[in-house]
Structures are given as C-alpha cells and as structure tokens.
Amino acid sequence: MSKIDVAIIGASGYTGGELMRLLINHPNVNIKYVTSRKNKGEDVSNLHPNLEDVDLKFSNPNPEDIDADVVFSALPHGASMKLVPQYLENGSRVIDLSGDFRFSNIEDYEKWYNIKHIHPEIEAVFGSPEINREKIRDATLIANPGCFVTGAILSSLPIVENELVDRIILDSKSGVSGAGVNPTASSHYPTCADNIKPYSITNHRHTPEIREQLRNFGSGNVKVSFTPHLVPVIRGILTTNHSFLLKDDVSVDDIYNLYAEYYKDEPFVQVLKDNKIPLLASVRGSNNCQIGGISLDDEDQLVVISAIDNLVKGASGQAIQNMNIMFNFDETAGLKNVGLYP
Ligand SMILES: NC(=O)C1=CN([C@@H]2O[C@H](COP(=O)(O)OP(=O)(O)OC[C@H]3O[C@@H](n4cnc5c(N)ncnc54)[C@H](OP(=O)(O)O)[C@@H]3O)[C@@H](O)[C@H]2O)C=CC1
Ligand SMILES: CC(=O)N[C@@H](CCC(=O)OP(=O)(O)O)C(=O)O
C-alpha cells in the first residue's frame, strides 16, 4: 500500500509527541520529518521517552526543507501563522493545531488573542469531523479545534440544533498537559498539584470559538458562558454542560435518545449505554469523546457531561482523524486504541 509523507512541525512539544505516538502505527503514513529548532539532530526519544524504539531524529522546520503530502503544525499560535502559508505554497495540505486559522472573523481572532493576524486572507476549514466532514475532504488547510472546544461543542450540538435551549454554561476541567511542554507559574508542580484553579474567567480564548461554532446551528444566537479549571491530572478535559430546557413536554429519555441518534454514526463519539456518567480516566489515550450523565429535573434543569483526552480528541487524534478524511483513508486508521483504565 502506498503511503503519504508526513511532517510534524513542533514535534518536541506535547501534541507533536502525541502525533508521533499515534502515527507510528498508522498503516498509510510515512513520518518523514519531525522538527524542533532547539533539538535538531537529536533522537526523538531524548525528549519523548515513550518513543524509545522509534528511529526518528529532529530536523529544522524551515519550509524550504519540508517536502510532504501533509504538514501537521503543532506550534504555538502566532508562530503557526508565520510558517503555515509557506507549507501551503510548497503544495502540502496543512492541519494546524493552533488557534491561528480557527476564526471566520479575523477581528474576533485579533481581539481574543491580542495579536495582529499577518495572513487574514487565508481561509481554513474548521476541523470538527462531526460538523464539517464533507468540507474536510477537500480542504487544503484545516484549523483543528481548541481542546476545550471539542468537548464543549459535542456536548451541546443536539440541544442547540434542535433549539431546546438558548443558553449554555460550560464548566470545564483540564489536565495540565493542556498548557504545553514548558512549565508556567500555573503548571509548576507545587502550584497545580493538590489544587484546582479556575482561570480566564469570562475571557478564555476558546469562548468565541465555541460561540462561533454553535451559532451555526439552531436559532443561531445561543448564549454561551465558559469557565476552565486547571485540575491536578496530566490528561483529559471533563465538561459539565448546564442549561435549562425551553420545552416542558420533553423527558430525560427523549434527550438521551436525541444524543444517541445524533451521534450514532460517529466513530469517536460514545453516548454511553444506560446513560452512564463519563469519567476522565476512561478516555485517556483514546480519540473518544464520551457523553452521558444526562439529567433533567422538574425545574427544567438539564445537565450533560462530556469527557475527552485533550491531547487526543482535543488535539492530535482529531488532527489524524481529519487527515484520514482528507486522504480518503479509513477514518479510524491509527486511532482504534481504547482508553486506558484505570
Ligand atoms: N496541549 C494541548 O492539550 C493542546 C494544544 N493545542 C495547540 O497545539 C499547539 C501545540 O501545543 P503543545 O504541543 O501543547 O505545545 P508545546 O509548547 O508543548 O510545543 C510547541 C512546540 O512548538 C515549537 N515552537 C515554539 N515556537 C516556535 C516557533 N516560533 N517556530 C517554530 N517552532 C516553534 C517548540 O519546539 P522547539 O522550541 O523545540 O522548536 C515546541 O516544542 C499550540 O498552538 C496549542 O495551543 C491544541 C489543543 C490541545
Ligand atoms: C490547561 C491549559 O492551560 N490549557 C490551555 C488550552 C490549550 C489549547 O488547546 O489552546 P489553543 O489550541 O486554543 O491554543 C489554555 O487554557 O490556554
């Protein structure tokens, strides 16, 4: 079987490492380049000890040195927008894991990221297969969703599309790997272990991304409140989605069946049997988004829980799912592993 050549830019980081972990077993992929500016020439296992037997060395990310069918850009926002256009000019299809190309309205990007966009003319397809599968097939540039965004929108879509709610409150807890490989004051062990930290209250940059995506559905004006919390685990995002039902004649079974029907053909969205409550621990390492714990009380309070691994369905796994769709591979290729438990 012929294979496509892949480049992973920013492979010294966490999502880059996760792309390698998943792609080494992908039947249709040859990993041709893994880049790091600081670690050129070194074995990848020096930074990613889980990749001990993987025969790959870091090279530099200069676009003139990269000739690949698909480029995964696992760079910080701001850095990605400088290099992605050059990979596209080289003829590669690009999947960008950063926030640089996720917004259709560039003013939103500049306001929420506080950066001047240097390529506002470049358009991308928002890489949520559950929303945009057909557009993803022909895309040359995919903007992979933010990690919180995936769990948030998948827990919301059925009730927003069916106009069962008009405002949603998303309470999300993230593992520390969401902050990337370089420690910050918040992710320093003594600060984040044995602690829970709410942050970016009412101003996290994933808020406008969630709003933009959900407002393509239903009435088009759902209101969204989103608050992230840093919790002392390594991987995972658990989102508790609160809302109030606008209709009285709907039962909890109706809502559960709506979710189950909505996602019945999705390979990576698991609406849990018997409406079990999703656990962070049961999606770790997998590309699954688990949904369940759907509850409704007699004052119309509705709660839906979702769980993903931020590094997999929240980043690298979803990026590979997008690649599989773009290249007409089996959508689950390289992603069939179930989560780790416990
Ligand atoms: N961590 C997560 O859970 C998620 C992250 N994302 C997004 O994915 C992207 C990557 O995240 P993550 O892996 O966590 O980040 P990391 O900080 O762990 O890694 C980023 C890598 O990019 C490289 N890099 C940094 N600046 C530049 C630059 N100016 N030019 C070239 N290379 C550069 C660095 O490698 P070196 O210095 O060695 O060259 C670094 O290792 C980010 O945009 C992030 O927001 C999205 C969803 C989830
Ligand atoms: C725990 C933690 O710090 N998480 C990061 C989310 C990282 C991410 O996915 O953000 P982008 O891809 O949109 O840059 C944060 O809240 O900023």
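Start with ligand 2: by class, its shell holds four nonpolar, seven polar and one charged residues (nonpolar means Ala, Val, Leu, Ile, Met, Phe, Trp, Tyr, Cys and Pro; charged means Asp, Glu, Lys and Arg; the others, Gly among them, are polar). Before you click further, note that this is a predicted model, in which local features need pLDDT of at least 70, side-chain atom pairs count only at pLDDT 80 or more, and totals for chains, interfaces and linings use all residues. Residues are numbered from 1 along each chain as its sequence is written, while chains are lettered from A and ligands numbered from 1 in the order in which they are written.

Now select the shell itself: His77, Ser98, Gly99, Gly146, Cys147, Ser174, Gly178, Ala179, Arg205, His206, Pro228 and Leu230 surround ligand 2 (a residue counts as near if its C-beta atom, placed from the backbone, lies within 6 Å).

Next, colour the chain by domain: it is divided into domain 1 (4-123) and domain 2 (147-310), with bounds from an automatic or database domain assignment. Their centres, taken over C-alpha atoms, are 27 Å apart. Ten residues from domain 1 and seven residues from domain 2 make the contact (C-beta atoms, placed from the backbone, within 7 Å). On the domain 1 side, helix α3 (residues 106-113) gives the most, with three residues (helices are DSSP runs of H or I, at least four residues, numbered from the N terminus). Back at ligand 2, each domain supplies at least three residues to the shell.

Where does ligand 1 sit relative to domain 1 and domain 2? Both domains give residues to its shell, so ligand 1 lies between them. Select the 29 residues that surround ligand 1; the closest are Gly10, Gly13, Ser98, Gly180 and Val181. Helices α1 and α9 are the elements that give two or more residues to this shell, and the largest share, three residues, comes from α1.

Last stop: show α1 (residues 14-23) and α9 (residues 312-326), which pack at about 50 degrees with axes 9 Å apart (axes are lines fitted to C-alpha atoms over the stretch in contact, and angles run from 0 to 180 degrees between N-to-C directions). That angle makes α1 oblique to α9 (under 35 degrees is roughly parallel, over 145 roughly antiparallel, 65 to 115 roughly perpendicular, the rest oblique). For the contact, pick Thr15, Glu18, Leu19, Leu22 and Leu23 in α1, which meet Val312, Ala315, Ser316, Gly317, Ala319 and Ile320 in α9. Seven of the contact residues are nonpolar, three polar and one charged.

How values were computed: Contact = placed C-beta atoms within 7 Å.
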